[in-house]
Amino acid sequence: MDHKNEIDLDLCIGKIARRDRFALEELYREYARPVYRFSLMTLQDPSLAEDAMQDTFLRIMAYSGTYKMGTNARAWIFAIAKNACTDITKKRIPTADDETMRQIGDDTVIEDAVDKAVISGAMAKLTTVEREVLSLYIYSGLKQTEIAKVMGMSYIKVRSHYKYAIEKLRKELMGK
């Protein structure tokens with residue numbers, strides 16, 4: 001997100017708490033994609049990721065009155081997204097369909113089925129925590145200290161998970 005165009009999240013969440021529909025629409029425009037991408041990396045299912053994203057914004061609307069102004073609003077939003085994904089995972093019945101990651105980055109579509117299989121296989125090597133840390137870093141722009149807060153773990157653990165995730169992906173995508 002461009003800092004010049006970045007919305008004032010504290011002000012926006014405050015307006016949402018006062019039931020300002022336009023503030024919620026503005027927040028949705030700015031954060032729907034990053035929340036969806038995080039959810040997709042976590043859940044590995046596009047329809048479940050869509051559900052998690054929608055649930056995240058419903059929860060933001062419901063809990064905006066509990067947000068403490070001046071704290072890290074992005075971390076608060078992604079903590080809500082993480083909880084929505086966790087709730088969906090608890091309800092989810094495992095399926096044999098493991099096709100994931102149709103899109104990587106903003107609009108980069110992987111055209112070749114072989115590339116899709118390679119990336120899907122590489123992502124499968126990551127633990128759920130590694131995928132969450134990586135996607136929070138990439139899609140939300142959170143710093144590792146902020147990710148530690150969102151995930152309820154130490155900064156050292158977050159750094160470790162991030163490092164291992166990158167190493168695993170390098171090994172898989174670049175060859176041993």
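## Getting to know a predicted chain

Of the 176 residues in this chain, 40% count as buried (under 20% relative accessible area, with exposed over 50% and partly exposed in between, using a 1.4 Å probe and protein chains only). This is a predicted model, where local features need pLDDT of at least 70, side-chain atom pairs count only at pLDDT 80 or more, and totals for chains, interfaces and linings use all residues. Residues are numbered from 1 along each chain as its sequence is written, and side-chain values use heavy atoms, leaving out hydrogens and water.

Student: In what order do the elements of the chain run from the N terminus on?

Tutor: Let's begin with what is there: eight helices and two strands. Helices (H or I, at least four residues) and strands (E, at least two) are DSSP runs, numbered from the N terminus. Read that way, the order is α-α-α-α-β-β-α-α-α-α.

Student: How are α7 and α8 oriented to each other?

Tutor: Helix α7 covers residues 144–151 and helix α8 covers residues 155–174, and they pack at about 105° with their axes 8 Å apart. Axes are lines fitted to C-alpha atoms, for helices over the stretch in contact, and angles run from 0 to 180 degrees between N-to-C directions. Angles under 35 degrees count as roughly parallel, over 145 as roughly antiparallel, 65 to 115 as roughly perpendicular and the rest as oblique. The two helices α7 and α8 are therefore roughly perpendicular.

Student: Which residues of α7 and α8 make the contact?

Tutor: Contact means heavy atoms within 4.5 Å. From α8 come Y155, V158, R159 and Y162, and from α7 come Q144, T145, I147 and A148.

Student: Where do the buried residues of α8 fall, seen down its axis?

Tutor: The buried residues in α8 are V158, A165 and L169. The face turned away from them carries the exposed residues I156, R170, K171 and M174. Seen down the axis, the buried residues of α8 line one face, so they fall within an arc of 30° (the arc of the directions from the helix axis to the C-beta atoms).

Student: Is M69 buried, exposed or partly exposed?

Tutor: M69 is found in the loop between α3 (46–63) and α4 (73–91). Its relative accessibility is 49%, so M69 counts as partly exposed.

Student: Which residues is M69 in contact with, leaving aside its neighbours within four places in sequence?

Tutor: As a guide to the region, L11 is 58 residues from M69 in sequence, with 8.3 Å between their C-alpha atoms. Beyond those neighbours, M69 is in contact with D10, I13 and G14.
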